[in-house]
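Work through these exercises with the structure open. Try each task before you read its solution.

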Amino acid sequence: MGDQVARPLAEKLRGKYAPNVVVDARVGAGGRIAVDYVRRATADGMTILQIPSSPMTLYPNTYRKLTYDPLADFAPVCTTVTYAFVLTAGPGVPLEIRTVADYVKWVQADAKSANYGVPAAGSALHFVGMMLDKHIGKKLTAIPYKGGAPLLNDVLGGQVPVSVSVLGEVMQYIRSGRLRGLAVSSAQRSPFLPEVPTFAEQGYPDIVVQEWLGWFLPAKSPKDKVLQLNALVREGLQDPALIESLARNGLTPFHQSPQEFAKLVQNDLARWTPIVKASGFTAED
């Protein structure tokens with residue numbers, strides 16, 4: 001997903017922001033390797049971090065110790081896209097189960113069915129599952145996977161009954177009928193799966209989680225670089241071809257000013273604090 005955003009926007013920067021732009025995937029540790037790499041980079045505007053919201057707003061609440069401070073170590077540039085999650089049922093769930101209420105009744109009647117898969121332990125998707133579990137009385141057991149692809153394979157194969165997945169990763173399978181969308185995590189229904197109701201519509205008003213991808217520079221980067229980069233991304237996100245490409249992957253363009261983005265990071269950090277505390281979850285390295 002990151003490549004689908006970073007690479008086309010990098011082309012928009014080429015020759016305008018810098019003579020050449022290289023997209024370098026620093027994978028591992030749930031994004032923390034990439035974050036720490038950019039934190040230590042020279043603050044000249046030439047090393048940009050693209051990261052989902054969780055490493056910057058959720059991890060500070062789940063890890064006892066991080067090598068970075070999302071507020072002190074980075075200059076927020078802009079958001080790029082936003083995306084939702086979806087509670088997804090596969091062939092391991094009876095066909096008559098079409099809503100969250102149906103699913104809750106099913107797991108309450110049969111404890112062996114109360115497993116759900118998530119792409120990573122301690123991710124925002126995991127917390128969607130934990131928030132639902134809290135509502136129904138601690139009946140559910142999370143099964144963490146190493147990424148969305150192996151989880152998708154097991155949901156399609158019926159090895160795990162349901163998953164909390166990134167909408168874009170399961171969208172085509174829900175549309176084709178191979179999977180069923182029980183609820184989306186956004187505040188409103190997704191334009192990509194308008195037939196799937198939100199958690200809030202189904203009686204869970206606090207389960208509203210929508211992630212973003214954002215761009216950051218190291219702290220103390222020149223302000224003119226922050227503003228130039230912000231303006232170029234805004235321009236790039238208006239490209240009809242890019243908008244169409246993003247939509248095919250369940251992504252919605254979402255651009256904010258540096259000031260708006262900084263406020264969003266602060267608000268999301270504060271929002272996750274009581275949720276994580278109530279869950280009792282602590283991330284492990």
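Contact means heavy atoms within 4.5 Å. Keep in mind that this is a predicted model.

**Exercise 1. The main core**

Task: Find which residues L132 is in contact with, leaving aside its neighbours within four places in sequence. Then place L132 in its core.

Solution. 
Step 1. Set aside the neighbours of L132 within four places in sequence; the contacts are then L87, V100, Y103, L140, F199, Y204 and I207.
Step 2. Turn to the largest nonpolar core, which has 76 residues. L132 is among the members that touch the most other members, along with F85, L87, Y103, F199 and F216.
Step 3. Strand β2, residues 74–89, does, with nine residues.
Step 4. Look for a second core. A separate one has 18 residues, including L152, V155, V184 and V196.

**Exercise 2. Rings and charges**

Task: Classify the aromatic pair of F74 and F216 from the angle between the planes.

Solution. 
Step 1. Count the aromatic pairs in the structure: there are nine.
Step 2. Take F74 and F216. Their centres are 6.1 Å apart, and the planes stand at 70 degrees.
Step 3. Apply the cut-off: planes over 60 degrees apart count as edge-to-face. The pair of F74 and F216 is therefore edge-to-face.
Step 4. Locate both rings. F74 is in strand β2 and F216 in strand β7 (residues 210–218), 142 residues apart, and the pair links these distant parts of the chain. Both F74 and F216 are buried.
Step 5. Widen the view. F74 and F216 belong to one aromatic cluster with Y68, W212 and F261.
Step 6. Now look for charges over rings. The charged end of K225 sits over the ring of Y17, 5.1 Å from its centre. The charged end of R271 sits over the ring of W272, at 5.8 Å from the centre.

**Exercise 3. Strand β5 and its partners**

Task: Which strands pair with β5, and in which sense, parallel or antiparallel?

Solution. 
Step 1. Start with β2. It pairs with β5 in the antiparallel sense, over five bridges. One place to look is T88, whose bridge partner in β5 is S163.
Step 2. Go on to strand β3, residues 115–118. β3 and β5 run parallel and are joined by two bridges. Here Y116 has V162 of β5 as its bridge partner.
Step 3. Check how covered β5 (residues 162–166) is. Five of its five residues are buried.
Step 4. Pick S165, which lies in strand β5. S165 has a relative accessible area of 6%. Buried means under 20%, so S165 counts as buried.
Step 5. List what S165 touches beyond four places in sequence: A84, F85, V86, L125, L151 and V170.

**Exercise 4. Helix α9**

Solution. 
Step 1. Recall the geometry. An α-helix has 3.6 residues a turn, so residues three or four places apart point the same way.

**Exercise 5. Residues in loops**

Task: Are A29, K220 and V21 buried, partly exposed or exposed?

Solution. 
Step 1. A29 lies in the loop between α1 and α2 (32–39). Its relative accessible area is 35%, so A29 is partly exposed.
Step 2. K220 is in the loop between β7 and α9. At 82% relative accessibility, K220 is exposed.
Step 3. Compare phi values. Most residues other than glycine have a negative phi. Phi of A29 is positive, near 55 degrees. Phi of K220 is also positive, near 70 degrees.
Step 4. V21 is in the loop between α1 and α2. At 19% relative accessibility, V21 counts as buried.
Step 5. Find the contacts of V21. Not counting residues up to four places away in sequence, V21 touches A10, L13 and R14.
Step 6. Finish with a distance. The C-alpha atoms of V21 and V160 are separated by 41 Å, and the two residues are 139 apart along the chain.

Definitions and conventions. Residues are numbered from 1 along each chain as its sequence is written. This is a predicted model: local features need pLDDT of at least 70, side-chain atom pairs count only at pLDDT 80 or more; totals for chains, interfaces and linings use all residues. Side-chain values use heavy atoms; hydrogens and water are left out. A nonpolar core is a set of buried Ala, Val, Leu, Ile, Met, Phe, Trp, Tyr and Cys residues joined through side-chain atoms within 4.5 Å. Buried means under 20% relative accessible area, exposed over 50%, partly exposed in between (1.4 Å probe, protein chains only). Helices (H or I, at least four residues) and strands (E, at least two) are DSSP runs, numbered from the N terminus. Rings of Phe, Tyr and Trp (its six-membered ring) pair if their centres lie within 6.5 Å; planes under 30 degrees apart count as stacked, over 60 as edge-to-face and the rest as tilted. A charge sits over a ring if NZ of Lys or CZ of Arg is within 6 Å of the ring centre and within 35 degrees of the ring normal. Two strands pair if DSSP finds at least two bridges between them.
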